[in-house]
Amino acid sequence: MTRRPLLGCLFEIVETLALTLLIFLGIQTFVAQPYRVQQQSMEQTLEPDQYVLVDKLTPRFGAYERGDIVVFSPPESFPQPDGAPLIKRVIGVAGDRVEIRDGRVWVNGEALAEPYVYEGQATSATGGRSDWTIPADEYFVMGDHRSSSADSRVFGTVGAGAIVGRAWLRYWPLDVFGILQPTRYDQAAAP
């Protein structure tokens with residue numbers, strides 16, 4: 001039985017740690033990233049201090065859709081104290097006309113059915129504006145807890161380049177573990 005020299009063993013440990021770190025950074029940069037919910041704007045869908053896994057890979061193969069929950073860097077006009085990303089739901093995509101009237105959200109002339117809105121809150125416009133046309137490569141996002149959400153009603157649309165990825169898995173705490181199913185707006189709600 002031969003003993004490896006101490007230097008050779010140490011090299012293998014360092015090599016293994018470096019490779020592990022490279023794989024971790026590669027996955028976090030290009031595939032998926034954990035995110036801690038810090039705001040109340042997505043209550044009851046996502047509560048503060050829950051953790052989600054953000055999919056960064058599949059959006060590279062297709063655009064985000066209405067109903068997706070996305071994590072994004074805040075616009076320069078709306079800086080966060082610690083630079084923390086925001087999490088909101090996509091309501092409008094490029095070419096859509098989003099309106100807020102009668103306490104509801106309308107997209108392209110159809111009222112959205114929004115069962116996820118916090119305790120049935122009515123949606124109100126902010127900043128004196130109540131309708132937006134979404135430019136190319138931009139998204140209109142809103143929180144599910146409308147009265148506690150600073151969103152596109154406040155800071156305008158979010159560019160595709162600012163979006164980190166789509167939240168798809170809530171993994172902590174374990175009692176709320178599960179896939180976040182996006183809402184698809186195939187039919188308008190009754191007016």
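1. D96 counts as buried in this predicted model, because its relative accessibility of 4% falls under the 20% limit for that class. Its side chain forms a salt bridge with that of R66, at 2.7 Å from N to O. R66 sits in the loop between strand 2 (51-55) and strand 3 (69-72), and D96 in the loop between strand 4 (86-92) and strand 5 (97-101), so the bridge ties together parts 30 residues apart in sequence. R66 itself is partly exposed, at 25% relative accessibility.

2. A further salt bridge pairs D68 with R166, with the closest N and O atoms 3.1 Å apart. D68 lies in the loop between strand 2 and strand 3, whereas R166 belongs to strand 11 (residues 163-172); the two are 98 residues apart. Both residues are buried.

3. The side chains of E99 and R101 also meet in a salt bridge, at 3.6 Å from N to O. E99 is buried, at 14% relative accessibility, while R101 is partly exposed, at 33%. The structure holds eleven salt bridges.

4. As to the overall fold, the protein has two helices and twelve strands. Its radius of gyration is 21 Å, well over the 16 Å that the globule rule gives for 191 residues, so the protein is more spread out than a compact globule. The C-alpha trace spans about 80 × 35 × 35 Å along its principal axes.

5. Buried residues account for 40% of the 191 residues. Of the contacts between residues at least 6 apart in sequence, 63% join residues at least 24 apart.

How values were computed
Residues numbered from 1 in each chain as written. Predicted model: local features only at pLDDT ≥ 70, side-chain atom pairs only at ≥ 80, totals over all residues. Heavy atoms only, no water. Helix = DSSP H or I, 4+ residues; strand = E, 2+ residues; numbered from the N terminus. Rg over C-alpha atoms; globule rule 2.2 N^0.38 Å. Buried < 20%, exposed > 50% of the residue type's maximum accessible area, 1.4 Å probe, protein only. Contact = heavy atoms within 4.5 Å. Salt bridge = Lys/Arg side-chain N within 4 Å of Asp/Glu carboxyl O.
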